[in-house]
Amino acid sequence: MIWYTGKRLLQMIPVFFGATLLIYFMVFSLPGDPIAALYGDRPPAPGVVEQIRAQYNLDKPFIVQYLIYIGNFFQGDLGTTYSGRPVSDVMAKAFPITARLALLALAIEAFFGILVGLVAGLRKGKLFDTSALVVSLLLISVPTFVIGFVLQYVFAVQLGWARTTVSSEAPLSELLLPALVLASVSFAYIVRLTRASVSDNLNADFVRTATAKGLSRRRVVGVHVLRNSLVPVVTFLGVDLGSLMVGAIVTEGIFNINGVGGTVYKAIKLGEGPTVVSFIAVMVVIFVLANLLVDLLYAALDPRIRYAK
Amino acid sequence: MSQTVIEPVSEPVNNGSGVSHEPLLQIRDLEVGFQTQHGVVPAVRGVSLTLYAGQTLAIVGESGSGKTTTAQAIIKLLAGTGKITAGQILFEGRDLAGLSEKQMQDVRGRLIGYVPQDPMSNLNPVWNIGFQVEEAIKANNVAQGKAARQRTIQVLQEAGLSDAEDRLKQFPHQFSGGMRQRVLIGIGLSARPKLLIADEPTSALDVTVQRQILDHLGTLTRDYGTSVLFITHDLGLAAERAEQLVVMYKGKVVESGPSQEILANPQHPYTQRLVAAAPSLASRRIQSAKNDDAVGAEIFSGGSLDTTLVARAAEREQAAEAKDLIKVQNISKLYRIRTKGLKYNELLAVNDVSFAIKKGTTTALVGESGSGKSTVAKLLLQLESITSGTIEFDGQDVAGLKGAALLKFRRRVQPVFQDPYGSLDPQYNVGNTIAEPLLAHKIGTSAERQARVRELLDQVSLPWATRYRYPSELSGGQRQRIAVARALALKPDVLVLDEAVSALDVLVQGQILNLLTELQTELGLTYLFITHDLAVVRLVADNVCVMQRGRIVESASTDEVFDSPREAYTQELLAAIPGANFEFGR
């Protein structure tokens, strides 16, 4: 297990370099001049543009820029945005908010998704099951921004239970509604996944044998059906944690949350190489770690999986 | 037999002298149906049987005969949409059919134990063995807390796991099939039930393991005075293990009575067919026919397939050329199994094995699982490389064949595998499956391939219309015919049949064996027949090689092996054939 974890952590090194190089290259090849864009219609004083270029190393070849960036990165200097703020500051503000939002959404979708999926799987073909399927299909097929605006209108504008937008501190209570929106699609997938898995396992031979032992229905479901059914769900949750951490742009936009998604979106529009790459690098690390966590959880849930090598 | 409802027996049945005169289980006119889109399909149609305390009763029948459904109806664990539609299941006078789910919880495990069919799928893979046994003990209130743990160890030791204490924390996948079946037997008997339902408890196991386990089960149930309802498709096994037989066919009981009587004098045509087809009995029959010419052979003259098979074998013997088509010399295969870190364990799966097969004959490779017989097949098929030794095919060394030469070799030597479910692609219809080897070797035009498919379907006695069906729409026997047809598509010289009939019912098994020998005579094929079932060997093989732990321990003609086995291991295998101890022909 330790060997396996170590090996997986070592694998992060090439992934890290590959991803940052790729992103850096993509930002570098974006059309348009970011410095010219800073000044808009008023032409800058002669020599200023060159000075700014030199300051941000934009006058050097691509690979040199990248190496300078990486060198600074490992000294803890993530560079500054073109407006002069250190990138590390921007990150320190954006990541906690997004992390709170993502974890809240993950908790909501995991708890309710598994619960609804389990009940639907146990009552396959009954009214509850059919309704769960219809609702989950709706959530999957309606775009997030529609769900977002509808919930925002109903709960915030009409009922006044929540704020329409989230304040800059973004406390958990204000994030509840956005988290619900963010969780909606994944919730639907988890319901379907759990349901299918539960109804498969209900027909498994070992479940019949467990019943034949004289166990109560509650115990058969709780001990023999649920744990086996969670294996695919956990895989999904792990991958989803990664995408929730990075991909909440739409939801953050609706509720005006200054999280990771919005910040990266703005940075890409401005062509701010260091900001984009720094964020992406952290996202890559989070993603890889989340996947490692899933694989370890997988082994904990299913003893047949052992990572010997 | 008395039809009156008896008072529930309060004290456990005394052991020793054994049979009580009050029925423990009495099934009356039981009907079970499965709800489908086209209404209710009956699976069990008016079954009645009576089992007395301390007795063993076997229900025999092919798959689909309703024997398992009957057993599952007793503990009300019918699969899917199954429902008891009529009849009574009286257990100690109480009708189980009318009990609620809650009341059944009390019956299951405590009064009626259940040992399921497939040891591979009947233990939950994510919980350790100790947990799964202990849970049964606690649920039936046999013991709680620390005592339950003690009892778990005791139960497993009784079931034949001597090192139970050390293995409690291990998971099912760390146990062999035989060990898992012992665990399941332990679970079934853990609460000392009055009745044990054993549904094909050993079908998935080797003959020798099967024998050990059934012997053990017999001892345990005799000691506790437990009645056993034994479900099996193997008539020989049933006759050996049970005093009473119930033969089921298409959901009905066609014959019932004492085992000896039914076997010696089957009344119903289906039972007669079953008796004739059972390989375990057939091989005994050949023996008794030989020793005692007239009697044995005549009783089963009607539709008996073994006489045909024996005649074909004699024909082959005369026709066989002197030339060896396959010559295997001193081959070995060493596997390196990675253990912890960088260390290796070496496993000599095949150890200095030599044999030769003459053209047009059948050589059987017999042994338990793990004996290396399937590895030999893989080596011969060039699916794995040999560590040392040579394999000659038609005078040519095949060990280092590559590219086109290897492809040419593969055209002449084709495999048929054990599992007809796993070896056919579920997304491919039958026509495409059979045509695939032709396509892979770029043979013929589309029309020619169609014609060949038609010819092959004809050879394996399947209608032309089968070509549009998918594997899931076929029975096990039909699937194995498809697998044979596919293997024959390239007109090979040799078929390597790796447990090709082991997964099939006796009657279907008989059909496939018949088909194989027929094709052999017709097409001059050479077979390497790999099996753990010596009974089948007797019917089809000319020569037998017995393998044990990677070595061939005995190699001789089939008659020699059966008449005068030299090695102790071979004798053990022969003794393990179910029905072998059954006095046949009298």
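Read along the sequence, chain A runs α-α-α-α-α-α-α-α-α-α-α-α-α. This is a predicted model. The count for chain A is 13 helices and 0 strands. Its C-alpha atoms fill a box of roughly 85 × 55 × 30 Å along the principal axes. Chain A has 309 residues, and 34% of them count as buried. Contacts in chain A can also be sorted by sequence separation. Take those between residues at least 6 apart in sequence: 76% of them join residues at least 24 apart.

Now turn to chain B. Chain B is divided into two parts, domain 1 and domain 2. Domain 1 covers 23-265. Taken over C-alpha atoms, the centres of domain 1 and domain 2 of chain B are separated by 34 Å. Where they meet, 8 residues of domain 1 of chain B contact 10 residues of domain 2 of chain B. On the domain 1 side of that contact, the residues divide into 4 charged, 3 polar and 1 nonpolar.

Strands come next. In chain B, strand β1 spans residues 23-36 and strand β2 spans residues 39-52. The two pair in the antiparallel sense, over 11 bridges. A hairpin through 2 residues joins β1(B) to β2(B). One bridge can be picked out: B:Pro23 has B:Tyr52 in β2(B) as its partner. In a regular strand, side chains alternate between the two faces of the sheet.

Note on methods:
Residues are numbered from 1 along each chain as its sequence is written. Chains are lettered from A and ligands numbered from 1 in the order in which they are written. This is a predicted model: local features need pLDDT of at least 70, side-chain atom pairs count only at pLDDT 80 or more; totals for chains, interfaces and linings use all residues. Two strands pair if DSSP finds at least two bridges between them. Helices (H or I, at least four residues) and strands (E, at least two) are DSSP runs, numbered from the N terminus. Domain bounds come from an automatic or database domain assignment. Two residues are in contact if their C-beta atoms, placed from the backbone, lie within 7 Å. Ala, Val, Leu, Ile, Met, Phe, Trp, Tyr, Cys and Pro count as nonpolar, Asp, Glu, Lys and Arg as charged, and the others, Gly among them, as polar. A residue is buried if 20 or more other C-beta atoms lie within 10 Å of its own, exposed if 12 or fewer, and partly exposed in between; C-beta atoms are placed from the backbone.
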